[in-house]
Amino acid sequence: MNRRLKRIFKITLITLGLMIVLIAIAIPVGINYLRNKSTLNTFDQFSEAAQLQFVDIKWDSSIVAGIKFDKAAFFIPVKVKGIQKRLYMQFDSGSASSLFYGKTLQAIGGGLDTTFSQKDSSVFAMNVGLEIGSATLHANKMEIRQDMGSFDVDSSFIIIGTIGYDAVVNSTLIMDFKQDKLAITKKIPDSLNSNIHYIDGVSVNKFPFFIKATIGDDPVTLGYDTGSSLFPLITSNKKLANLNKSVKLDTLCCVSSWGVDHPIYRKKYDQLIKLGNTVFKDEYIYSSHQFDVLDYVPNWLFFGGTGNSLFLNKVVYVDTKHNKFGLVD
């Protein structure tokens, strides 16, 4: 190889190395930027009674890919200022913001002061008061999604909207899946605090919740989405195929999204899955091509998602103010 070719080869290697370094830096920086941008402070006031009061969790079942999940999503009772009806909202930490369902509001006759944004045709409820157990949250405005909800309302189970991550900013979320109860608070009972097993390296002070785990011997980051209770773990098809390579993927049909059916794959993972001191084994890990973008992200940065399936016999504690995530057995 002559001197000129050597020089070109050397420059090419340096350029490729710099590109790899820049990409390695850009991915986490980009994720952090998006998380900061998506962490909203919808609620400007928070107050609570002296006595911590939990609300009951109401589960809804679903059939996905031919499999029945008894606990697919959960709802909690809420009181909304201006509406004299018993209401429920889905609790979904996978949603950055809380919102009301326009069709349902119309069906029950409204009751909220609303305003219309000429900028983007959005509709907002103004001066919102929301009670969740002993906690009261206030928002100057909260979005009303006109395309969501239903005109056919069951008066015994009126789902008025979704409670998102913004409702727990600078607060503590307690989800007791043993007794199916939930609370949002600024204080923690001593009886609970002393028994919490914390998971190191989490990031729950931004949207969405990121928690650390190990799958086998590999460290991974998982997005924890309370609105997705179905799957213990879900990731891309390629990442699932690389786990237990000797085990064949099961193909399940299908999950429908916007009128399109998407196949779901799964395999039983025979090694340990660890979240802090909590260990799981022989859990199904699922995948979908909708997660294929994760193929370009290292597992330690983001492997996939987890719902409530792993935590159904535990108490989940999320302190967004002090960036703590823990479990109580």
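## Pockets and charged pairs

Gln 53, Phe 54, Val 55, Pro 77, Val 78, Lys 79, Arg 86, Leu 87, Glu 131 and Gly 133 form the lining of the second largest pocket. Please keep in mind that this is a predicted model. The second largest pocket holds about 210 Å³ of space. Strand β4 (residues 67-80) supplies the largest share of its lining, with three residues. Sorted by class, the lining of the second largest pocket has five nonpolar, two polar and three charged residues.

Now for the largest pocket. Its volume is about 760 Å³. A total of 33 residues line the largest pocket, and those closest to its centre are Gly 94, Asp 225, Ser 228, Ile 234 and Phe 291. Several elements give two or more residues to this lining: α1 (3-38), β14 (209-215), β15 (218-224), β17 (250-257) and β22 (304-306). Which element gives the most to the lining of the largest pocket? That is α1, with four residues. The lining of the largest pocket divides by class into 18 nonpolar, 12 polar and three charged residues.

Let us turn to the charged side chains. How many salt bridges does the structure hold? There are six, and the table shows some of them.

| Salt bridge | Closest N to O distance |
|---|---|
| Arg 145 and Asp 147 | 3.2 Å |
| Asp 250 and Arg 266 | 3.9 Å |

Lys 181 is partly exposed, at 27% relative accessible area. Asp 56 also counts as partly exposed, with 47% relative accessibility.

In the bridge between Arg 145 and Asp 147, the closest N and O atoms are 3.2 Å apart. Arg 145 has a relative accessible area of 31%, which makes this residue partly exposed. Asp 147, at 47% relative accessibility, is partly exposed as well.

Asp 250 and Arg 266 form a further salt bridge, with 3.9 Å between the closest N and O atoms. Asp 250 belongs to strand β17 and Arg 266 to strand β18 (residues 260-269), so this bridge ties together parts that are 16 residues apart in sequence. Is Arg 266 buried or exposed? Arg 266 is buried, with a relative accessible area of 16%. Asp 250, by contrast, counts as partly exposed at 34% relative accessibility.

One last stop is Asp 176, found in strand β11 (residues 172-176). Asp 176 is buried but has no salt bridge. Which side chain of opposite charge is nearest to Asp 176? It is Lys 178, 6.5 Å away, whereas a salt bridge needs the nitrogen and the carboxyl oxygen within 4 Å. What does the side chain of Asp 176 reach? It reaches the backbone nitrogen of Gln 179, at 3.1 Å.

Terms used. Residues are numbered from 1 along each chain as its sequence is written. This is a predicted model: local features need pLDDT of at least 70, side-chain atom pairs count only at pLDDT 80 or more; totals for chains, interfaces and linings use all residues. Side-chain values use heavy atoms; hydrogens and water are left out. On a 1 Å grid over the protein atoms alone, a cavity is a set of points where a 1.4 Å probe fits but cannot get out, and a pocket is an open set with protein on both sides within 12 Å along at least five of seven lines; lining residues have an atom within 4 Å of a point. Grid points are joined across faces, edges and corners, and a volume is the space filled by probe spheres set on the points. Ala, Val, Leu, Ile, Met, Phe, Trp, Tyr, Cys and Pro count as nonpolar, Asp, Glu, Lys and Arg as charged, and the others, Gly among them, as polar. Buried means under 20% relative accessible area, exposed over 50%, partly exposed in between (1.4 Å probe, protein chains only). Lys and Arg count as positive and Asp and Glu as negative; His and the chain ends are not counted. A polar contact is a pair of N or O atoms within 3.5 Å; within protein, one must be able to donate a hydrogen and the other to accept it, and residues adjacent in sequence count only if both atoms are side-chain atoms.
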